[in-house]
Amino acid sequence: MVRFANLTTAPELANSGYPASRKMNLGVVFLRKMQRKFVSDCLAPRVGAIRNHSVPKKDEMSEHQLPQQPEKAAPVLPSKPKRKLWPKLTIAAGVVVVVAAAAIAIPSWISGNKPASTSTATVKLGVDDAGSAYWKLVAQRAEEQGVKLELVSFTDYSTPNPALVSGDIDVNKFQHLRYLAQFNASQKQDLVPVGSGEIYPIGFYSKKWSSVAEVPQGAEVALSNNPANQVRPLLALKEAGLVVFKGDPGWKATLADVDYAKSRIGKITPIDPTQTAASLDSVDIAFVDSQFAANAKLTAQQEIYKESAERDDLQQYINIFVAKAKDADNPAIATLVKIYQSDEIKQAIHSEKGQDAVFRSDVPVSELKAVLAEQQKQFS
């Protein structure tokens, strides 16, 4: 076998017969050996020659033999590369934004409050005339002020208040104060008025007679089967000279107070208020709600009597917006009420319904509540 000390070339190492791992270690040693050999054979003689070379001293040389020293020039420093400013500005701006956002958000997180929402508030309003065009205008104006109005249609008066109590709707607009008082008292509820609307002077219609004077003795009249909506027609019949009461019951009058022996009216038939307009084909006269009258296309000529809306005692018949007590100060509902009370909506209602509604938006909520409390005492 060839000895490593005798190896002088890489081929000899490759053909030496050592294991591969041994060859790698020996290869490193071989390279170092070659490096030392190159230094001793090539570089050492040159270094020695340089050291033995004699250079004359400066004072032994003539002036012309002195090496010419180049004139020293001022050192030129390499110019600094210009740093781009935009990345730094962008980073700095980003830091400012993050810090500002944290300053706003952290106090809210600490206090347990969520960041303010910019979403639109939704209000579900129960009405009995959802198809009326003026509600579309109300919805449009409400949306412009950040309130989305959803109309929920009811076809009779018995369901909007229970729907409000159960939470199916947020507010309703179909009733007057007296009707609400009767509901609260009988159902042990505390629904409250949150805004005033209008008074619709009631009257009775006839398809058989053109005036009150033509109504015959023993005539039949139809009116609402809701006790809260009966006293007002009874008082109107008294004012028209068609009914005489037993004594003077005033606003506590009921059907039982009618003295038929002294009255021109011979029969009073209570029916669902939605059917009063249809009943005109069979009865002599009927009290028809203004909305139902409009839907039935009853004319002004068919309305043979109408009460005066200027009577002080009719404040209990102001139509109102009603909500739960906990929503009395709901800002979205307040916005809706304010829109409804605007001149634009008033004009739209008059134009569409063709009725002489008397708006009472001048009556504050506090006064509405006082009237409600007084009325509830009568039904308790």
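Trainee: Quick one to start: is Tyr317 buried or exposed?
Mentor: Tyr317 is buried, at 1% relative accessibility. Here buried means under 20% relative accessible area, exposed over 50%, and partly exposed in between, with a 1.4 Å probe and protein chains only.

Trainee: And what sort of model is this?
Mentor: A predicted one: local features need pLDDT of at least 70 and side-chain atom pairs pLDDT 80 or more, while totals for chains, interfaces and linings use all residues. Residues are numbered from 1 along each chain as its sequence is written, and side-chain values use heavy atoms, leaving out hydrogens and water.

Trainee: How many aromatic pairs are there?
Mentor: Rings of Phe, Tyr and Trp (its six-membered ring) pair if their centres lie within 6.5 Å; planes under 30 degrees apart are stacked, over 60 edge-to-face, the rest tilted. That rule gives 12 aromatic pairs. One of them is Tyr134 with Trp135, tilted, at 5.0 Å centre to centre and 35 degrees between the planes.

Trainee: What about Trp251 and Tyr317?
Mentor: Their centres are 5.5 Å apart and their planes at 40 degrees, so that pair is tilted.

Trainee: Which cluster holds Tyr134?
Mentor: Tyr134, Trp135, Phe321, Tyr340 and Phe359 form one aromatic cluster. Within this group, Tyr134 is buried at 3% relative accessible area, and Trp135 is buried at 1% relative accessibility.

Trainee: Switching to charges, what sits over the ring of Tyr317?
Mentor: The charged end of Arg232, 4.2 Å from the ring centre. The criterion is NZ of Lys or CZ of Arg within 6 Å of the ring centre and within 35 degrees of the ring normal. Lys173 likewise lies over the face of Phe321, 5.9 Å from the ring centre.
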